[in-house]
Amino acid sequence: MDEQTTLLEQIMAYDFALYDLQLFLDTHPSDANALRDYKMALEQSENLKRQYQAKYGPLTPRYLPNTTCWQWINDPWPWDPKGGMNNVVL
Amino acid sequence: MWFYEKKTQYPVNIKKPDPRMAINILTQYGGPNGELAASLRYLSQRFSMPTKETKAILNDIGTEELAHLEIIGTMVHQLMDKVPPKELEKLHVDTIYAIHGRAVYPSDSNGVPFTAAYIESMEDPIANLNEDLAAEQKARATYDYLIRMADDPDVIDPLRFLREREVVHYQRFGEALRMVQEVMGKKKYF
Amino acid sequence: MENPNINQGLSPNPAISPNVVSIYAGNNCTGEVTMIPVMPVRPELSQAYVPYQIYNRIMPAQEALKKGTVFPELVK
């Protein structure tokens with residue numbers, strides 16, 4: 001896997017962990033352990049996304065490094081076959 | 001409101017088209033136990049939840065189901081990718097092709113269009129949550145059937161992921177039901 | 001009679017109080033306390049009960065994504 005795919009795989013992993021922890025926290029809102037682990041995963045995710053977007057473009061429309069072109073529309077989109085964003089191998 | 005991130009929750013990278021499998025998986029797009037039914041059910045029921053925790057869990061699981069809808073749609077799209085119409089005829093999925101081409105359309109595997117009759121949303125949160133528990137089991141069982149039919153690891157992996165999510169959602173809805181029963185237990189609801 | 005082992009709001013140490021999870025219904029984890037045991041002490045007829053999960057440990061993120069959950073005890 002190339003660097004873009006490796007970074008994306010790590011982001012997917014941390015974002016997934018965040019979502020599973022989010023659901024747990026919804027039914028256990030004052031669980032200190034879950035909150036601690038959520039915070040750690042959040043820092044990892046934000047850090048990796050900063051690196052990813054700087055090199056490979058936006059993951060959300062709320063990322064605008066320059067105002068000369070609108071990168072949000074660029075290919076690949078997540079569902080594109082072969083060569084899409086999902087060359088990730090777990 | 002909703003925000004979109006340009007990635008699927010789980011990687012989907014199917015290299016080998018398989019139209020028969022595509023049509024089978026379609027039931028989890030627009031069928032009775034599928035992700036569209038799940039998202040609409042939970043996102044509709046959230047308005048009737050009595051506590052902050054239960055509003056949150058209905059909201060957040062409903063949102064996750066939209067992400068799963070995207071995974072299923074991606075799988076169908078990739079499984080149909082560039083398959084020539086004559087091939088589709090040989091594989092007996094030509095009747096769907098005749099209407100939709102190789103597009104992704106919200107129906108079950110027989111082409112029956114999606115209907116809100118697959119869901120319920122009531123003012124009674126205990127009725128809602130019991131329906132949600134049943135829905136998660138039905139979805140989980142449907143993924144069991146699909147996984148048994150699949151051979152390609154690129155197809156099995158996302159299906160296994162989605163199946164496990166149903167198991168986790170069942171646990172959360174179970175906890176939501178415990179909470180609602182606590183709250184409702186303290187006052188009579190008529 | 002007061003149960004000295006009920007943990008007030010933090011995830012309980014299973015060795016000390018394995019059966020009670022307390023959750024707070026409030027914005028900053030203050031306010032009305034709702035105590036929910038893992039399973040009810042006096043289950044009622046005509047009601048369904050799913051055990052309330054207690055936080056133990058989570059898997060590393062990459063492994064969790066493959067398995068479909070961060071919680072080893074929920075892998076079924």
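The legends below describe close-up views of a predicted model. Residues are numbered from 1 along each chain as its sequence is written, and chains are lettered from A and ligands numbered from 1 in the order in which they are written. Local features of this predicted model need pLDDT of at least 70 and side-chain atom pairs count only at pLDDT 80 or more, whereas totals for chains, interfaces and linings use all residues.

**View 1. Packing of helices α4 and α8 in chain B.** Helices here are DSSP runs of H or I with at least four residues, strands are runs of E with at least two, and both are numbered from the N terminus. Helix α4(B) (residues 52–79) packs on helix α8(B) (residues 153–185) at an angle of about 165°, and their axes are 11 Å apart. Axes are lines fitted to C-alpha atoms, for helices over the stretch in contact, with angles from 0 to 180 degrees between N-to-C directions. α4(B) is therefore roughly antiparallel to α8(B) (angles under 35 degrees count as roughly parallel, over 145 as roughly antiparallel, 65 to 115 as roughly perpendicular and the rest as oblique). The contact residues of α4(B) include Ile57(B), Ile61(B), His68(B) and Ile71(B), and those of α8(B) include Leu162(B), Arg165(B), His169(B) and Met179(B). Two residues are in contact if their C-beta atoms, placed from the backbone, lie within 7 Å. By class, this contact of α4(B) with α8(B) has 10 nonpolar, three polar and three charged residues; Ala, Val, Leu, Ile, Met, Phe, Trp, Tyr, Cys and Pro count as nonpolar, Asp, Glu, Lys and Arg as charged, and the others, Gly among them, as polar.

**View 2. Packing of helices α3 and α4 in chain B.** The axes of α3(B) and α4(B) are 8 Å apart, and the packing angle is about 160°. The two helices α3(B) and α4(B) are therefore roughly antiparallel to each other. Residues of α3(B), among them Leu36(B), Ser39(B) and Tyr42(B), meet residues of α4(B) that include Leu58(B), Gly62(B), Leu66(B) and Ile72(B). The contact of α3(B) with α4(B) comprises nine nonpolar, four polar and two charged residues.

**View 3. Helix α7 of chain B and its buried residues.** The buried residues of α7(B) pack against α1 (19–25), α2 (27–30), α3 (35–45), α4 and α8 of chain B.

**View 4. Interface of chains B and A.** Here 26 residues of chain B are in contact with 23 residues of chain A. On the side of chain B, α4 and α8 each supply at least two residues, and α4(B) gives the most, with 10 residues. This side of chain B has nine nonpolar, seven polar and 10 charged residues.

**View 5. Interface of chains A and C.** In this interface, 17 residues of chain A are in contact with 15 residues of chain C. The side of chain A that touches chain C takes two or more residues from each of α1 (3–27) and α2 (32–56) of chain A. α1(A) gives the most, with seven residues.

Notes:
Buried ≥ 20, exposed ≤ 12 C-beta atoms within 10 Å, placed from the backbone.
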